[in-house]
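Student: I'd like to learn how to read the ligand site, cavities and pockets of a protein model. Can you walk me through one?

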Amino acid sequence: MSALSQIESLIGEMTLPEKLGQLTMTAAGYAVTGPIIAGDSTEAIKAGTIGNLLNMVGAEHVHEMQRLAVEESRLHIPLLIGYDVVHGHRTVFPVPLAEAGLFDPRVWELTAREAATEAAADGIAMAFAPMLDVARDPRWGRGIEGPGEDPFVGARFAEAKVRGFQGRDLSAPDAIASVAKHYCAYGAVTAGRDYGSVDVSERALREIYLPPFEAAIAAGAVSVMPAFTDIAGVPMTANVRMLQGWLRERLKFSGVIVTDYNAIAELMRHGIAADLPEAAALALAAGVDIDMMSDAYRRGLPIALERGLVNIAQVDAAVRRVLALKLRLGLFADPYRRGATSETAVTLAARRRLAREVASRAIVMLTNPGDVLPLSAALNSLAVIGPLADSSIDMRGPWWGASAEVGHVTVLEGLRASLPGLSIQYSAGVAIDSVDVSGIDAAVDLCRTAQAVILCVGESAAMSGEAACRAHLDLPGRQRDLCEAVLKRAKSHRIPVIVVLFSGRPLIVPWLTEGADAVLAAWFLGSEAGNAVADIVTGRISPGGRTAVSWPRALGQVPIYFGDRPGGRPENPKDRYTSQYLDVPNSPQFPFGHGLTYGRFRLANLRVTPDRAGEGDTIEVRVDVANEGARSAEETVFLFSHDKVASVSRPVLELKGFAKIALAPSENGTVTMRLPAVALRFLGIDLEPVFEPGEVEILVGPCADRSQLLVATINLTP
Ligand code: GLC
């Protein structure tokens, strides 16, 4: 029997409750690690009126639930079980915003592959990931879950993650369905407040927020999750134009649309549905297949059908897509395939090694003006201070998957393991968000005998991610008191202070970045955090991470990003009547792509050939790179374009490529990037892609700071 006929035959046999069960996902009532809010689902699974679960981990539990569905229900349809596998499952990798800063699609894919293997071993068949929301407002807590501020990076990140999660064969025992989320423009919430309304132009949608989702679907993503939010008053969960229109008709997406948590019921709070049947009907009509957690489909659609708000053909179309996905995942062929084999100690150890390598490469060295890093090998005493110096649970960051609260290497543990001969004293000083400053004196006192201080401060893992917005982007609690006291005492003892900043967003702490002798942005690095920090501060590895977001000088600059349009009066400090502030420059404290290394890289001799290119040509961009420093390091080189005169005002910089080159001291190399001229198309006045003749600047350099970029010009020809 063909897959299609198997599905049609099943649909032909299914009762309405069984159909609606396939369109329902609920948290199992089992001993799971997530919140149990739906009570016990076992009876419904046996009755075939629940077809999908979330927040369940453990092959034993999953197989028990699968057995109920497959052996005890009437139609033996296997369950689809999903989990938030955002940056690892049991082994935690750096949070996505940190990993994006590697600018290395190979690694992005590799960590997703490893996470999929771990999740599948737990019986999971769907990851609610990758999160692809372009984010330019650090007040919003969820920027940490995604690839940063740029749509080009978001698109490359999307492709890599989908490939990693789904592998080459979706039915393989270590393959899991990817869910491109949260569709879309969730990162543009009003005032950076989670779940807030979104109102962006159609051009912004097309140019900024949609590209990562288009890339995910082109890469084969089999599911999409609409955002909680509305766009201009139309909630995404009921957005016919964006779901049926853009996704299904224009992008030809035939996969499963699964809502966010309780999102259908929340259409009533949005004020576009008077009751649950109306909410359910709006979602179904928009193309939503699976109702996560609101039970709106099971309880609302029978009434909506009676009222004639929807018809059974729409229900069947959704059931068809869900069954097709379960078939593609191999769940009918073998519902116990995922979790059939447990992982070996060898694979787990290899995964931890990968986690350490990725974490080391994710660390961004923001400042190191006096080259106090790497620490001198002659050092024999260290003070490790701060509330994030020995907090295993916080090293995971938000969305920590099914990982334990312990076992994630802290900075103190990593340093002690890497420097066994050193005297390393530790004091937390203050708690992360406490007002108690009684521990500061003891912490400061460590400076007396130390030859250097590692000061670990920042946010807790719970201060970013979902429902974690902040209106002040400084250090929480009384950490500033601790830092200022340590900096003052360290200066009096002439010892360097290296700050390790853990955060889910760029923190606005110019007093700290200017006062410390070196600052490492560690974001949240996962299970091997402490070893990674030790690798960098000891010089075992050179820092190479870059920031995938612009780092504001002041909150008043937000939203801040490099791809802004020039406007008619671009910033000119010499002319008051131009676009600028009275009190800070427009530029960020650290630009997109910023990150120092232990090398000293110089770029020169930019060559762009040919100098005239038609749409079908490939432009070759070459630049020479020299490491004039005393240590090996890896440089990241970015390729931007700027269309100086076009039918629509174009951003001052558009990212079109990036590449990396590792060089030993005094070594030279050449980076070559090939840019299809078609990539210089843009959306014309009518929002349709155009390729316009004329001069375009090609800019190459280490970050999105035009003063650091080499510039060449190419002529596009019709
Ligand atoms: C949450 C998040 C979403 C997640 C889902 C399931 O509310 O918005 O990203 O995948 O619910 O946990």
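This is a predicted model: local features need pLDDT of at least 70, side-chain atom pairs count only at pLDDT 80 or more; totals for chains, interfaces and linings use all residues.

Student: Okay, which residues around the ligand are the closest?

Tutor: A residue is near a molecule if one of its heavy atoms lies within 4 Å of it. Here 13 residues surround the ligand, and the closest are Asp84, Arg142, Lys181, His182 and Asp260. By class that shell has 7 nonpolar, 1 polar and 5 charged residues. The classes go like this: Ala, Val, Leu, Ile, Met, Phe, Trp, Tyr, Cys and Pro are nonpolar, Asp, Glu, Lys and Arg are charged, and the others, Gly among them, are polar.

Student: How far is the side chain of histidine 182 from an oxygen atom of the ligand?

Tutor: For a polar contact, look for a pair of N or O atoms within 3.5 Å; within protein, one must be able to donate a hydrogen and the other to accept it, and residues adjacent in sequence count only if both atoms are side-chain atoms. A polar side-chain atom of histidine 182 sits 2.7 Å from a ligand oxygen. For lysine 181, a side-chain N or O atom is 2.8 Å from an oxygen of the ligand, and for glutamate 466 a polar side-chain atom is 3.0 Å from one. The protein covers 95% of the 310 Å² of accessible area that the ligand has on its own (Shrake-Rupley method, 1.4 Å probe; for residues, only the protein chains shown count as cover).

Student: And how many cavities does a search of the whole structure find?

Tutor: On a 1 Å grid over the protein atoms alone, a cavity is a set of points where a 1.4 Å probe fits but cannot get out; a pocket is an open set with protein on both sides within 12 Å along at least five of seven lines, and lining residues have an atom within 4 Å of a point. Grid points are joined across faces, edges and corners, and a volume is the space filled by probe spheres set on the points. The search turns up 6 cavities of 30 Å³ or more. The largest cavity holds about 120 Å³. It has 15 lining residues, with Ala135, Asp137, Pro138, Pro506 and Val549 the closest to its centre. Domain 1 (3-26 + 82-328) and domain 2 (358-557) each give that lining at least three residues; domain bounds come from an automatic or database domain assignment.

Student: Now the pockets: why does the largest pocket lie between two domains?

Tutor: Domain 1 and domain 3 (601-716) both give residues to the lining of the largest pocket, so it lies between them. The space in this pocket is about 1,200 Å³, and of its 42 lining residues, Arg206, Glu207, Pro211, Lys656 and Arg681 are the closest to the centre. Helix α8 supplies the largest share, 6 residues (helices are DSSP runs of H or I, at least four residues, and strands are E runs of at least two, numbered from the N terminus).

Student: Where does the second largest pocket lie?

Tutor: Domain 2 and domain 3 both line the second largest pocket, so it lies between those two. Its volume is about 920 Å³.

How values were computed. Residues are numbered from 1 along each chain as its sequence is written. Side-chain values use heavy atoms; hydrogens and water are left out.
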